[in-house]
Amino acid sequence: MFGSSVHLLHESNGGAIFLDRVCSAVDAALQPITDIRSGAIHGCEALARQTQALGFASIPQFFAFAERLGVRVEVDAFLVGLAARKIAARKPHVDTLLFANLDRMRAAQIDDTLPALLAELSRAGLSPSDVCIEITEGGEAPSCAGLIQAVAKLRQHGFRIAIDDFGTGHSGLQALYELQPEYVKIDRFFIKDLDRDGRKRVFVSRVVELAHILGTQVVAEGVERVEELHACRDAGCDLVQGYFVAMPSTEATDIRSVYGPVSENPDRRLAPRNVVTLEAEGVVMALEALPDTTRVADVVDYFLSHPECAYRPVVNARAMPLGIVRERDLRWLVQSPFGRDLLQNSSFPMTLRDFTTRLPTVDASICPTQLIEQCAHAIDEGVIVTEGTRYSGFVPSNALLRLAGMIRLRQAQSQNPLTHLPANDAILGFIGRATEERGMSHAFAHLDFNHFKPFNDVYGFHVGDRAIIMFADLLRAEFGRDDVFIGHIGGDDFFVGVSGEIDGFSRRVREVCTRFASNAESLYTQQHRQNGHIECAGRDGVVARFPLLTCSVALLVLPKGGRGATTDEIAHELSRLKTISKKSEACFSTATLAAHECANAPTMRATLPLLERVVN
C-alpha cells in the first residue's frame with residue numbers, strides 16, 4: 001500500500017516520487033452544475049478520482065498525505081490542469097465553467113498557489129475567467145481578513161468565487177458577507193430530504209433570500225431525488241448539482257449542453273396559472289448591460305454624454321450580472337485635475353470590476369410579493385433581474401416602491417380585515433392552481449367552529465372576534481413556517497391547503513382544533529366552564545344548552561395523478577363534507593377524489609379509513 005510508505009518517501013525525495021505516481025495514476029472527474037429550471041449546463045466541478053490506486057482509503061487522506069510531503073500546491077495545480085484540459089476539449093461544443101476546489105488554508109495562502117494554477121490553466125488553453133474557485137473546508141481556519149485579501153487577488157486575475165459546504169464548519173454568514181462570492185453552495189446535509197423536512201425548507205429559503213440580496217447565486221448540492229429538485233426550486237435555488245442530475249465522469253465527452261433529468265421535470269410553479277409576473281407589472285427596465293471588459297474611460301464618456309443615466313448594469317462574458325457601475329463612483333475621475341489624464345494612461349491599473357457594486361438579484365419568475373418581501377429593505381438603486389443565471393433586466397428603486405404600494409393595496413383588498421389572512425379570492429386561486437398540478441398530491445381542509453352563534457350572542461362580537469383571532473394564530477403557529485396555505489373564508493370559517501407532501505396533514509389540522517377547544521375555554525366565565533355549556537336561545541328561538549366552542553373539519557384529498565377537477569367542484573365538495581362533519585360525533589369528515597371518476601359527474605367517495613392511512 002502506498003499509504004504505508006511515508007517514511008521511505010521522506011527519506012528519498014518523497015515529494016517528487018509521490019508527484020510522479022499521482023501524475024500517472026490519479027484522474028479528474030467532472031460533475032455538472034446546471035440551471036435548476038432548464039437543465040442547461042452552467043459549470044462542472046472537478047473531483048479527484050483513482051486515488052485508491054495509490055493505496056488511499058479516502059480522498060481526504062490522499063490530500064492530507066500530499067500536505068505532509070509538502071507538495072499539496074503541485075497536486076492541486078495538476079488536478080486543476082487535468083480538469084481544465086477536459087473542459088477545453090469540450091469548449092467548441094459546450095461552453096462551461098470549471099469549478100475548482102481550494103481549501104480555506106490554501107486560499108488564504110494564495111501567493112503560494114496562484115503561479116502554478118495560472119500556469120496550468122494557460123497550458124490547457126483556459127483563462128481565469130473560465131474558472132470559479134470553490135473555497136472549501138480544510139486545515140485550520142484562517143482569519144477572515146486573510147481570506148478577503150486572497151479573494152481580492154483572485155478576482156483581480158478574473159477568477160470567480162464560490163463558498164462550498166455552506167452551513168457547516170467555518171462556512172458561515174460572515175464569510176458570505178465579507179467575501180461576497182458569486183456562488184454559495186448549500187451543503188448536502190440541508191438538501192437531503194428537503195421535501196420532507198419543514199425546518200430545512202425554512203433554512204434553505206432564508207439562505208437563498210439572503211444570498212440574492214447580496215447578489216449571489218445559490219447552488220443546491222447533492223440532489224438525489226426529483227422531490228428534492230422540486231423542493232430546491234420552490235426554495236429559490238438557482239443551480240443544481242448531484243447524482244440525480246448526473247454522476248461525476250472522467251470522460252469529457254459526457255458533458256452535455258442540457259441534462260434531461262432536470263429539463264424533463266419542469267418547475268411545478270411555472271404551470272399555467274393566473275399569477276401576475278414582474279413583466280406584467282411593468283416594472284422591469286430593459287437597461288442594456290456593459291461587459292466587464294469595457295474600458296473605464298469609455299464608461300466615463302458614456303455617463304458624460306448621458307447625464308440622465310445614473311448607473312448601468314455590468315455583466316461578465318457569460319452574461320451573468322456582476323452588479324452596477326454608478327456615475328457618482330466615477331465622478332472623481334472627471335472632477336480631479338489629473339483624473340482624465342489618468343484614464344488615458346495605458347498603465348491605469350483599475351478595471352470596470354473595481355467600480356462595480358453588487359446589488360440584489362432575483363429571477364424573472366419571482367412573485368412580485370416575494371420580491372418586495374425579500375428586497376424592500378435592501379434596495380438602493382434597484383434590483384437586477386435574471387432568467388436562469390443570465391442578465392435579463394433591471395427594476396429601479398422607484399418602481400420597487402411603486403410596486404410595494406400596489407401590493408399593499410391588493411393585500412388589503414384581498415385579506416380578511418380581522419385576521420389579515422388571505423380571503424376568498426386568494427383561496428379560490430390556490431385551489432385553482434392546485435387542480436392544474438396533477439403531478440403531486442393536494443389536501444384541502446375547511447374548518448368551522450361549532451356553536452359559535454350562541455357563544456357570540458352571549459359574550460358579544462368583541463369576544464367572538466377574540467376567538468376567531470385565537471384560531472388564526474393557532475393555524476399560523478402550526479403551519480406558518482411550512483409551505484402551507486392558510487385562508488379565512490369569513491366569520492368562523494377557515495381554509496388550509498397543502499400541495500406535495502401531505503403526510504400528517506390530517507393529524508396536524510385536528511391537533512390545532514384540539515388546542516383551540518382547550519384555549520377557547522379561557523373565553524368563558526368560570527361558571528360556564530364548570531357547567532361545560534351555556535344556555536341561550538338558538539336559531540329557532542328556543543332556549544337550549546350549547547356546548548363550549550369546538551371546531552369541525554372537512555378534509556378533501558386530490559391524489560397525485562388523479563383526474564382533473566374544477567374549483568367549483570372542490571368548493572362544492574368541501575361544503576358537503578362540512579355538513580357531514582358538523583353532524584358527526586367526531587366533528588370530522590373526509591373524502592378523496594378517485595382517479596377513475598368521470599370529470600363530468602363527480603361523485604366523491606367517503607374514504608375515512610383509507611384516507612387516514614394516506615395522510616397520517
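Predicted model: local features only at pLDDT ≥ 70, side-chain atom pairs only at ≥ 80, totals over all residues.
Leu98 can be followed in detail. Not counting residues up to four places away in sequence, Leu98 touches Leu30, Cys44, Ala46, Val80, Ala83, Ala84, Ile87, Asp130, Val131 and Cys132.

## Helices H4 and H6

Helix H4 also packs with helix H6, which covers residues 110-124. The angle between the two helices is about 25 degrees, and their axes are 8 Å apart. Because angles under 35 degrees count as roughly parallel, H4 is described as roughly parallel to H6. The crossing of the two helices is right-handed.

On the H4 side, the residues in this contact are Val73, Ala77, Phe78, Val80, Gly81, Ala84, Arg85 and Ala88. They meet Asp112, Thr113, Ala116, Leu117, Glu120, Leu121 and Ala124 of H6. Sorted by class, the contact of H4 with H6 has 10 nonpolar, 2 polar and 3 charged residues. Val80 and Ala84, both in H4 at this contact, are also among the residues that Leu98 touches.

Thr361 lies in strand E13, which runs over residues 361-363. The relative accessible area of Thr361 is 4%. Buried means under 20%, so Thr361 is classed as buried.

## Two loop residues with positive phi

Asp193 has a phi near 60 degrees, a positive value in a residue other than glycine. Asp193 sits in the loop between helix H9 (188-191) and helix H10 (198-213). With a relative accessible area of 22%, Asp193 is partly exposed.

His420 likewise has a phi near 60 degrees, positive in a residue that is not glycine. The loop that holds His420 lies between helix H18 (397-414) and helix H19 (424-436). The relative accessible area of His420 is 51%. Exposed means over 50%, so His420 is classed as exposed.

Technical notes
Residues numbered from 1 in each chain as written. Heavy atoms only, no water. Contact = heavy atoms within 4.5 Å. Axes fitted to C-alpha atoms, helices over the stretch in contact; angles between N-to-C directions. Helix = DSSP H or I, 4+ residues; strand = E, 2+ residues; numbered from the N terminus. Parallel < 35°, antiparallel > 145°, perpendicular 65-115°, else oblique. Left-handed = near helix turned anticlockwise from the far one by under 90°. Nonpolar A, V, L, I, M, F, W, Y, C, P; charged D, E, K, R; others polar. Buried < 20%, exposed > 50% of the residue type's maximum accessible area, 1.4 Å probe, protein only.
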